[in-house]
Amino acid sequence: MAGRGRGHRTFSVEIVGIGKGENLPPSSIQPTPLFPPLDQKPVPLQAGEEAEYMLALKQEFRGAMKTLPFYIRPAAPKKDVERYSDKYQKIETSDWKPDWRRFPKELRVREKRPLRDKSPAVPKQTKQPRVNKEEIIRKLETLEQKEEEGSSDEEEGEKKKPEEQEAEGEEEYDEEEFEDETDYIMSYFDNGEEFGGDSDENIDEAVY
Amino acid sequence: MTTQEVRLCGLLLQEHFGNVVEKVGTHLIRSGVLTLRALAHETKLPLDLVKKSLCVLVQHGMCTFGAGRRGPAGPVEYRINCEHVFHMLRYPRYIYTAKSLYGDTGELIVEEILQRGHMTMSSTVKTVADRLTHNMPEGQSMDYSEVVSVFSQLVETHFLQRCPPLASAGSSSSGAVDTPLPVATQPTEPESHPDCYKLPYINLTGQGKRRRSSEDGEADQCCGDDDGIYWQVNFQRFHLHFRDQAIISAVSCKLDQSSSEIVRTMLRMSEVTTPAHAAFTQALSANEIFRALLSSYNIARPILDQYLSLLVDDPMEFVGKTGDSGGGMYVVNLHRALANLARATLESVVQERFGSRSARIFRLLLRKRHLEQKQVEDFAMIPAKEAKDMLYKLLSENLVQLQEIPKTPDYAPSRTFYLYTVNQLPTARLLLQHCYKTVGNLIERRLYETKENKRLLEKSQRIEAILASLQATGAEAAQLTEVEEMITVPERQQLESLRHHINKLDSSENQVDETIFLLKSYINSTQASL
């Protein structure tokens, strides 16, 4: 609708009814306010048994969905220190098992066994024996008995894999009491067992 | 997908499934179709979380998967079904309808299936029986057979349907062979499966168990005889039911109770014979209607004829006459009824927003189609200045459009007609987008209010837990009041007002959803007839 001729206006507002020199509302040069004032008050909400029941249903449904295993939370960040209240704040999430016949195979999360890569390292360290939780209790009683049972627990520890991780954490603490004959602090010794342990984790990635 | 629709989908997914699923879902909506690899790469989430999110979405029927563009040998592609996500807004309405039709048992069955996406019949029956037993007084328990009968009723009336099987689920014998998946662009319709509404023949006897407090964890999901047959809610059937309800209540508002009962009877008779997208029901003769009328309505035959002629003559055109045999053949005009209901919604919106005089102009333009400025002022009987003002306000809100009709080929302004007009369908679409934006705003405001008062809410929850445990161990009234006083009076008032606000926001969402349903049904009906 651009004007072709020189200075010819194609659209004059007289047609739509605005006369010459009439008072027009000022043109706005900024966006409309976020909460514009309303000319009329809105109609009140429907009240009644049906509306209240549906409201209750909605809120209950929302609450129920939060407890079901379909509500996926990102992995909780690792805390620096274990706190007492963690025990009471832990949210129960049971994993659901979908019927894999109705799902594409690639969605199946293969359960990793992160301890698999740590087990080859076990036979290398004969100096750092694996201890069970029960050993800590016995340790408190007699120091001498521990040294004898330490060597036999080496074999037991290899079989009880789930407890390896905790055993590793307490390893360094135990060694100081173990090797009380040497002046060297075992925790300062790093034999590089952690290096390269993550290489097997992401099995899903194709290797090119 | 418009911005508002994507935003609303994201908020709904976040509320029900958490932030991770929301991220995955919104990205998939924006991109259309993606493979698992591409999705994980673009959202930068760990692969396991993406897999879990997709599992959740597929379980609830919101995501479909299929062989991609490279054929069955290529990677699987996923896409989100947005309509399904919007249905989450309507879940309370579905559950309430099931309750009103089939009682508490029906309500719990539909609720369980909605919560879990799809379930087998045996697991549904067991869970529902347990829940009902839990609420019954000591010593009583719910028998499985009652739950099974309600379940079968739901299936017979098509409110529940079997999940469509994957195309080649039965063909491969060994699990090692990769079964070819159906093409992603053509999802199998559940109704195309012949056994869609066939109940499996299983033997379910037993009673619901009362869950003791010592037992923890969910009830184990034992494999019944109907392993592999999953049931889902048939949303289309519920929507047809809502549409019928809307028509009946409109008739009862416009005319009277008896005419609405007549229309209800006509709709009930044509439930099974009318396909879902039909423009009108099958023709019914007045004799048939008379026979089918419940005796409780107490309508005599001549009175029925009078009511029918009244309905036919009504300008809303709910009922039409198609012939004279059998005392007169009558149909319910479904599409026209939906169009009229949508029109009434639009007029009501204009009235509530801009006043009754603007509504008068709007109705005028809807009836007369195209009017000049001068004609609008004359027909609406509104002084020129105010009419101009109102018209421009409506024009700026895009509810009214300007149409140019040139007299000469060179569009000279002095020789062109400028006419105001209203088009019902685009205006309905515009209002639908406004509704989506409204619900998004409501949800965001509710989340904001909850976040602001998080500390207070947590405190009150903890105190309730302490009170409950004290009461269970039998404490005295003095201890209870001491614990209750830990919440101060102004805090209590704040909590009360917070609860009031959240309830208001929630009921507003429910109400806006009713408008969304009406407008969406109207828009779908116009598309179906094309």
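1. Residues B:R343, B:L346, B:E347, B:V350, B:Q351 and B:F354 of helix α13(B) are in contact with B:S356, B:S358, B:A359, B:F362, B:R363 and B:L366 of helix α14(B), where contact means heavy atoms within 4.5 Å. Of these residues, 6 are nonpolar, 3 polar and 3 charged; Ala, Val, Leu, Ile, Met, Phe, Trp, Tyr, Cys and Pro count as nonpolar, Asp, Glu, Lys and Arg as charged, and the others, Gly among them, as polar.

2. The model is predicted: local features need pLDDT of at least 70 and side-chain atom pairs pLDDT 80 or more, while totals for chains, interfaces and linings use all residues. Residues are numbered from 1 along each chain, chains are lettered from A and ligands numbered from 1 in the order written, and side-chain values use heavy atoms, without hydrogens and water.

3. Helices α13 (residues 334–354) and α14 (residues 356–368) of chain B pack at about 150°, with axes 7 Å apart; angles run from 0 to 180 degrees between N-to-C directions, and axes are lines fitted to C-alpha atoms, for helices over the stretch in contact. The two helices α13(B) and α14(B) are therefore roughly antiparallel, a term for angles over 145 degrees.

4. Chain B also has an open sheet of 3 strands in the order β1-β3-β2, with antiparallel pairing; two strands pair if DSSP finds at least two bridges between them. Helices (H or I, at least four residues) and strands (E, at least two) are DSSP runs, numbered from the N terminus. The edge strands are β1 (33–35) and β2 (63–68) of chain B.

5. Between β2(B) and β3 (residues 71–80) of chain B there are 6 bridges; B:G66 has B:E77 as its bridge partner in β3(B).

Key
Parallel < 35°, antiparallel > 145°, perpendicular 65-115°, else oblique.
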